[in-house]
Each structure stands twice: as structure tokens, then as C-alpha cells.
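Dear colleague,

Please find below the structure that I promised to hand over.

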Amino acid sequence: MQNLAEPEPTIESSSSSTPAILPVTNKIVPSKKKLTLIPLIFLIYFEVAGGPYGEEPAVQAAGPLLAIIGFFVFPFIWSAPEAFITAELSTAFPGNGGYVIWADKAFGPFMGSMMGCLKFLSGVVNVASFPMLMIDYLKQIITALDSGWPRQVAILSSTLFLSVLNYTGLTIVGYVSVVLGIVSVAPFFLLSLIAIPKIKPTRWLSFGERGVKKDWNLFFNTLFWNLNFWDSVSALAGEVDKPATTFPLALLISVIFTCLAYLLPLMAVIGAVNVPQASWESGFHAQAAEMISGKWLKYWIEIGAVFASMGLYEAQLSSCVYQLEGQAELGFIPKFFGLRSRFNTPWVGILLSTGFTIAVSYLDFSDVVASANFMYALSMIVEFAAFIWLRKKMPDLHRPYKVPMNMPCLVIMCLVPTVFLVYVMAIATKIVFIVSGAMTAGSIGWYFLMNYCKEKKVFNYNKPEVEES
């Protein structure tokens, strides 16, 4: 939804004193409270991280020194470029849909539709993992949730509860994210402080145990998926108060906060405990907390993981549903996807996304998740290309925030993470290639199906506004 106080994006024309107005996706509708700076920071944080849960395998894969270097360097070559692009394009096109709008403006409706499909499929599969992760942590306390119908009922009920919370409004979700973020990060802050007297800095310099082969696939994937999805928040740009100033600042603070939330506990635990490299599996931080301070901190970290999973679900579900609303406003999908509830939330998108999430939750979907990640990597390559092309295609576009680089530097900034994305896709398994190929083919078919439905008037569609020349 466009903020009434914000100017619409324009292209200044040398041949006319009247700038050409570029439409954003959202029509002006009566709005309740919008997202302000602090809730947006925590929503971005949960889009990306949710805490240092899951960073431990980097140590197992490549040893302490390379893990520390990885979490220090990777944000500069991956997180920062993605955040820069999100800040520039979200403020230039402040409407729901985000990356769908960018691909459409750069390459036309086919690539816009493809981008929407790729992001939505990867998004709902990722969302489906969080209720399961939440139950996996709860089963440490409630053993009945380990298997069978109690586990299935718990996954279903938690999914429905979290979706209902999302239905009550993005502002509520934003403030809930603040609380969840504080509760889930606090034990790691305490862990880092308590560990200081026990830290031996020489442990930071270890390349790992002799004879342990480096697992580069696990190492790079751990870095990638722990520092990813910075662009997801762009899907709800239309819900942000004063996006021109709020977005860049929120992204800057989120990048710093997220990187410190990963790096400080990692260095504290590496320096304070001496365990075999194989012990650094997902969840090891909780065990390390017990070694360093006692069971109370271990339990807090495990409970924090439950809250972090809730925050991750809310943030990423929000991106999925507001992306669908943006696609509806662009005319890519039927108009009814833009319908809002009395809480001003896109209820059709919430219903559809929740349905997908529940269906995937009961599958053994490791290969599906890997395929969704493959598709996300593919969509990011398109996103980098769209960013570069929009700079060339629309040099005079009003950009409230503009990455302070010339074109050659921007190309280099995008090329480095693109090389990494190609590497991630190249090492995928055969089944991932097959499933990803099928999903991509389905996305292509979806575009032509929607065009057919438009021609036959099967559903009502919005007619996207035409840019003035």
C-alpha cells in the first residue's frame, strides 16, 4: 500500500517538465498502522536469521578459524550487496511485491511472473520447516512430541495458530517479532559474556582437527542459508511507514545486528570449550551453554529456539502473502488475491500459503527444500540482473536511496555473489536438478495458464497501469 506522504517514483524527462509516473503495485486503501523502524528491523532479522541457531555446522565442516572468517567476510560479499539492492529498489518502487515489481520493470511480465513463482515456492517450503523445527525443540521437554499422532497434531496446531496470528495484522506481527527477537537473542548475549573468562584466543586460530576432511558443500551452504533472504522484506514494502527513510536505516541496522548475533556467540563458544570437531552439529550451542554456565542457560537457548522459529514463520509468511497481493495488483494472478480482511491483511494469500505449508509439513521433503533453495538461487541471479538493467534502463528514476557506486562497481558487486550462486547450483544433486526443473517448468506453464484465463475472462484481473512516456 503506497504511503500517502511518500512521493511516487518518477522518471525525469528532458523533453517535458512533467515527470513520468511509474505505478507501484498497491492502490490506496484505508490503512491502519504501518510498520515503523523497530518492528521492521526485527522482521528483517527474522527473514534472515532468527538467531545463531544453525551456524554450528560451519565449524564442523571447515574448522574454527574458517568458520569465524566465513561469518565475518561473507556478509560483505553476500549480505551487503543483497541489502543494498533491496534498499534502493524498495524505496524506488515502494509497493507490495518487491522483487516481482523489479523483474517486471526490468524484463517484462514473463520474468515478473517467473520471479513470483520462484520466490513463492521457495518461500512456502521454507515456512513449512519452522513449525517442525519448533516441535523438534519442544520434544526435548515434552517427549511425547517425538513421533506419532501427537507430533502431527502439534505441527498442525502450531501452523494454524501462527497463521491466525499473521491474520491479525502486520503491525501486531511486527511488535511480536520484537518480543520474540529479544527473548531468543538474550541467552546468546549472556552466553558470550559468561564465556569471556574461559576464552582461549588460540582456539580461534585452529584450522580443525588433523585428518578431518573439509566439507566445502556443508560450509558454504551453512553460510549461505544463515545470511540469506535480505530481499524478502521488499515484498511488504507497501506496508512500511516512510519507506524512503525507514527501509535503508532498518536494513543497515539489521545487517550489523544479524552479523554480530552470529559472530559473537560463535567466537565465545569456540574460545571457551574444547570439544571434538564432529560435536559441532546444529544445536551444539545449547550443549555449550550447559558446559559454560549450566542447565538453566541451555534450557533458555532451547526455549529461545522455539520463539525464533515462531518469528521466522511470521516474517517469512508475511513476505509470501504480501507478495501474492502485489502480484494481484500487477495483474499476474486473479484480483481476489488482493482482498483484505477486517484486520487489513491479505486473507486469501494467508489461506493459500498456510495450505501449502501444511501439505509440505507432512512430507519427507529434504530434496524439495534443496530444490526450493536452488530456485531461490536462480531467482537471485535474475534479481541481480534486474538491478543492473534498471540502472541502465531508468537512469533518471527517482531513487530516495541510491547505492553510491558507478556502473562498473555495481557489476562487480553483483558478480561476486552471482559466481557463488552458480557454484551452489552446480554442486546440487541429480534429484534436485530434476525437481527444480519440474518446478521451473510448472512456473512457465503457470504464466501461460494465467494469460489464458485472462483471455477467457475466467477470473477478474487488475489491469496494470501503463507507464507514461
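How many salt bridges does the structure hold? It holds eleven, where a salt bridge is a side-chain nitrogen of Lys or Arg within 4 Å of a carboxyl oxygen of Asp or Glu.

Before going further, please note that this is a predicted model, in which local features need pLDDT of at least 70 and side-chain atom pairs count only at pLDDT 80 or more, while totals for chains, interfaces and linings use all residues. Residues are numbered from 1 along each chain as its sequence is written, and side-chain values use heavy atoms, with hydrogens and water left out.

Two of the salt bridges involve K119. In one, D231 pairs with K119, and the closest N and O atoms are 2.6 Å apart; this pair links distant parts of the chain, since D231 lies in the loop between helix 8 (216-226) and helix 9 (243-272) and K119 in helix 5 (residues 109-138), 112 residues apart. Helices here are DSSP runs of H or I with at least four residues, and strands are runs of E with at least two, both numbered from the N terminus. In the other, E383 forms a salt bridge with K119, with the closest N and O atoms 3.4 Å apart, and this joins helix 13 (residues 366-393) to helix 5 across 264 residues.

Are these residues buried or exposed? Buried means under 20% relative accessible area, exposed over 50%, and partly exposed in between (1.4 Å probe, protein chains only). D231 counts as buried because its relative accessibility is 0%, K119 is buried at 4%, and E383 is buried at 1%.

Turning to the whole protein, there are 15 helices and two strands, and buried residues make up 56% of the 469 residues.

Finally, the C-alpha atoms fill a box of roughly 70 × 55 × 45 Å, taken along the principal axes. V416, which is placed in helix 14, counts as partly exposed because its relative accessibility is 41%.
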